[in-house]
Amino acid sequence: MRKHAYFFTFFLIKSKGFNLEEAPYTRLCSTKNILTVNGEFPGPTIRVNAGDQITVDVYNKGKYNVTIHWHGVNQLRYPWSDGPEYITQCPIQPGGKFSQKLILSTEEGTIWWHAHSNWTRATVYGAIFVYPKPGTTYPFPQPDAEVPIILGGWWKRDIMDVYEQFIATGGVPNQSDAFTINGQPGDLYPCSKSETFKLNVDQGKTYLLRMVNADVNDILFFAVAGHPITVVGADGSYTKPLTRDYIAIAPGQTLDALLHANQQPDHYYMAARAYFTAINVDFDRSTTTAIVQYNGNYTPSPSLSLPYLPNYNDTSASFNFSSSLRSLASEDHPVSVPKNVTTQLITTVSVNTLPCIPNGTCQGPNGTRFSASLNNISFILPSIDILQAYYGHIKGVYGDHFPKYPPYIFNFTDEYLPLNLEIPKLGTEVYILDYNSTVEIVFQGTNLVAGIDHPMHLHGHSFYVVGLGQGNFDPEKDPLGYNLVDPPYRNTVTVPKNGWSTIRFKADNPGVWFMHCHLDRHLTWGMDMVFIVRDGDQWDERMLPPPPDMPPC
């Protein structure tokens with residue numbers, strides 16, 4: 001397996017801090033206050049080297065409880081700073097402070113950070129650039145420059161009003177009013193043209209696009225007119241170069257891509273729009289744009305053409321891109337895919353419904369309330385965090401009976417399924433893993449209520465995506481096609497609509513680790529669970545003690 005480094009250098013001085021505070025921002029012809037870090041939207045970029053250890057002091061000067069998650073930082077032996085609300089900590093209350101330690105190990109490339117409370121991450125997010133260790137280089141030609149390309153969304157309404165209405169009604173949330181590139185909607189939206197993000201380039205140079213999908217609820221297609229892009233990294237790990245006219249990127253995922261400025265000097269659109277496959281569900285159909293603008297003396301074309309983007313519901317386009325990624329698997333960046341699986345889980349990934357509560361508002365199908373589940377358990381957040389309960393041996397906070405296999409076996413992807421299968425159980429269930437166990441998880445999408453793609457994110461571990469497929473997983477035939485040579489090493493995998501994905505990882509990081517769909521409406525509905533990885537026998541296989549300033553519950 002990949003060997004983790006336990007000796008660290010210090011790269012970022014911790015004195016700057018993250019101040020969570022409201023700031024006014026104008027988009028789409030109106031101004032509103034949004035929650036930011038240090039008044040910036042998107043938030044500040046953190047720059048580190050592989051193997052660094054840094055500390056960020058987080059001050060909550062806003063009016064809501066907040067936590068910060070360092071997405072893609074595996075936090076070896078130190079789940080205390082991972083960030084998900086009521087999983088590894090209680091939230092930082094208004095006026096509170098929490099010093100969060102980031103422990104990097106094998107991560108290299110682009111990862112990111114974001115709020116992990118309710119839907120505050122709609123505006124609280126930023127990139128993390130993890131450079132090679134000093135004395136080493138990229139496994140591709142040195143780019144001439146780098147630029148973050150952070151895809152997001154924008155609501156005209158206050159995001160907490162959107163969230164609270166979503167919870168109250170039991171229906172689907174109001175969709176965003178715009179998508180954004182680096183916080184700007186772009187030319188195609190009202191009152192937005194003058195602020196459109198522009199990337200100025202020199203002809204003949206190469207630019208490293210550090211891409212993040214920070215959108216709350218949408219997988220996105222992205223492309224640059226006239227310029228194929230070459231993917232060289234994903235989720236903080238290098239990949240074999242993959243050149244495509246478009247990419248598909250799910251919420252939670254990151255990509256490193258090279259843009260070669262080798263076209264006739266002009267202005268060229270980059271653009272992104274939704275990939276969305278649910279039936280009879282509204283979604284944001286708009287397109288966000290930015291401009292690649294060549295430097296020099298020339299007369300730009302009077303109008304810009306949008307790049308080719310697949311249709312909104314083009315499942316094969318998304319699947320073909322995701323299934324084409326491969327780990328670099330070089331001498332300097334080797335892979336070590338678990339071959340001997342000691343723990344296998346197969347989990348259904350479903351949208352569900354719950355019966356209407358008395359005198360409640362129920363805007364789900366047929367007067368129900370929407371829910372979601374893994375293996376038919378819809379996750380309920382506890383009132384104190386699971387990590388505190390585990391470490392302190394506090395009883396009654398969670399159960400340890402998350403099922404290894406689906407409790408009901410049926411044709412998961414059938415067009416018509418019995419309504420009684422839609423109702424999940426409610427619970428706060430974890431699955432306990434022995435230290436150093438080798439784990440395989442098969443995610444099986446279902447067509448309950450609404451089949452759709454699900455970006456599943458695992459905290460505390462990266463994993464190898466050894467298989468992807470359409471339809472029902474066949475335990476006899478499908479493993480024969482697993483890629484055990486150079487599968488991509490990721491932290492967020494897209495489970496295709498009415499299909500399956502298989503991941504493998506080694507449980508070598510003791511602690512409490514959240515696993516959930518990164519579409520926040522599904523996370524809120526309960527498409528979540530928790531792994532607890534037990535301590536190993538040696539001193540460096542045991543969870544580190546908590547810091548003194550953990551936020552109180």
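Predicted model: local features only at pLDDT ≥ 70, side-chain atom pairs only at ≥ 80, totals over all residues.
What share of the contacts in the protein chain with a separation of 6 or more comes from residues 24 or more positions apart?

Residues are numbered from 1 along each chain as its sequence is written, and side-chain values use heavy atoms, with hydrogens and water left out.

Now the answer: 79%, where a contact means heavy atoms within 4.5 Å.

How confident is the predictor? The average pLDDT, a confidence for each residue from 0 to 100, is 96, and 97% of the residues score at least 70. Please be careful with residues 1-15, though, where pLDDT stays under 50.

Next, the build. The chain has four helices and 32 strands; these are DSSP runs, numbered from the N terminus, with helices being H or I of at least four residues and strands E of at least two. Of its 553 residues, 63% are buried, meaning under 20% relative accessible area with a 1.4 Å probe, counting protein chains only.

You'll find Ile111 in strand β7, which covers residues 109-115. Ile111 is buried, because its relative accessible area is 1%. Leaving out residues up to four places away in sequence, Ile111 touches several others, among them His71, Val130, Val212 and Thr254. And have a look at Gln253: it sits 142 residues from Ile111 along the chain, yet their C-alpha atoms are separated by 8.1 Å.

Conventions:
Buried < 20%, exposed > 50% of the residue type's maximum accessible area, 1.4 Å probe, protein only. pLDDT = per-residue confidence, 0-100.
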